[in-house]
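Let us walk through this model step by step.

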Amino acid sequence: MKRIDLRSDTVTQPSPAMREAMAKAEVGDDFFQEDPTVNRLQEMAAQRLGKAAGLFVASGTMGNLVSVLSHTRRAEEVILGAQSHIYRNEQGGMAALGGVHARTVANQPDGRLEPAAIASAINSSSPLWARTSLICLENTFSGHILRTDYLKQVKSLADEHQLKMHLDGARLFNASVASGAKASELAAPFDSVQFCFSKGLSAPVGSMICGSDEFIKEARRNRQLVGGAMRQVGVLAAACIVALEEMVDRLAEDHANARRFAEGLATFCEIDIDPANVETNIVFFKVHGRKMTSSGLAARLHEEGVAVIGMGDQIRAVTHYGIDANDIDEALKAFQRVFASTASKK
């Protein structure tokens, strides 16, 4: 029985074209900026996002950390979402390594930070308070899209207070494909953008930071600070080039499969879900009643060959390359078997 792994789009396997490109990659020493494949990838990524330059890094966490370190100084403050990946899932790296303080603002269900809440979190010039220097947003946020009109509002606020803006765009291309906005439009308000190759774009390793020439020069120094000179890394960059060339448009398939999954889940009386809330490739849902917890359902599904993640009182499932419509239908059958088994034990 095929295991249907919906835990994350980080579980993707590289495509045959990626494996071939990796085997044939021309490489050099990236520390000396002499790896031609990395250099080509950085130029391609920067062009896609409408930025001057790019820097290849090992992971999205590294990309966000390097970006924050490059925009801030010790004892300064960053405004970001209380549920953001940078704040909750990156080990407090900006505080531990940069001495930078986090000022959290509540995320709305769709990931937005209300502009009024951002404004109220900006510290004045009082010597009593850490100086606000940066605003960080996340797109997508739990599968939700931050759209260009909202991003322009935050940009106007940042400009008014002379603040920099960084985007954790791990799934930026999902946002672009689903919204119809170019990635460069979604990136335009930001001084720096990080996006991942190793999620929906299906490359085995790697993320990219894009920004101005001056910013990338500083980011290169900070990448070295956190151990990021990767030498003959063109073997990985080659897969990322394929990801940009061949894997962006197909993200629409993942979004369609996520909607198919959500609509199927909505037919079960045991599941609480609104399919209209599914915008990209991430599906969240809850279990009705007290007969089964989210972790209990996840464990039972695992026995049926379907892997999802229980997160508190809800479950997350993510569609990706390697999961097709037939897999979604088989996963829904697994739900049906689990619920039927539970009912028979009453």
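**Helices on a sheet**

Helix α12 (residues 251–265) lies across β9, β10 (282–287) and β13, and runs at about 15 degrees to β10. Axes are lines fitted to C-alpha atoms, for helices over the stretch in contact, and angles run from 0 to 180 degrees between N-to-C directions. Contact means heavy atoms within 4.5 Å. Helices (H or I, at least four residues) and strands (E, at least two) are DSSP runs, numbered from the N terminus.

This is a predicted model: local features need pLDDT of at least 70, side-chain atom pairs count only at pLDDT 80 or more, and totals for chains, interfaces and linings use all residues. Residues are numbered from 1 along each chain as its sequence is written, and side-chain values use heavy atoms, with hydrogens and water left out.

The sheet is open and has four strands, in the order β9-β10-β13-β12, with antiparallel pairing. Its edge strands, β9 (271–272) and β12 (309–311), each pair on one side only. Two strands pair if DSSP finds at least two bridges between them. Three antiparallel bridges join β12 to β13 (residues 314–318). Here I309 stands opposite R316 in β13. Helix α13 (residues 294–303) also packs on the sheet. It touches β9, β10, β12 and β13, and its direction makes about 40 degrees with that of β13.

Now the cores. A nonpolar core is a set of buried (under 20% relative accessible area, 1.4 Å probe, protein chains only) Ala, Val, Leu, Ile, Met, Phe, Trp, Tyr and Cys residues joined through side-chain atoms within 4.5 Å. The largest has 53 residues; F56, L137, F195 and F197 touch the most other members. Helix α11 (residues 234–246) gives the most to this core, with eight residues. Apart from it lies another core, of 29 residues, including F261 and L332.

Methods: Buried means under 20% relative accessible area, exposed over 50%, partly exposed in between (1.4 Å probe, protein chains only).
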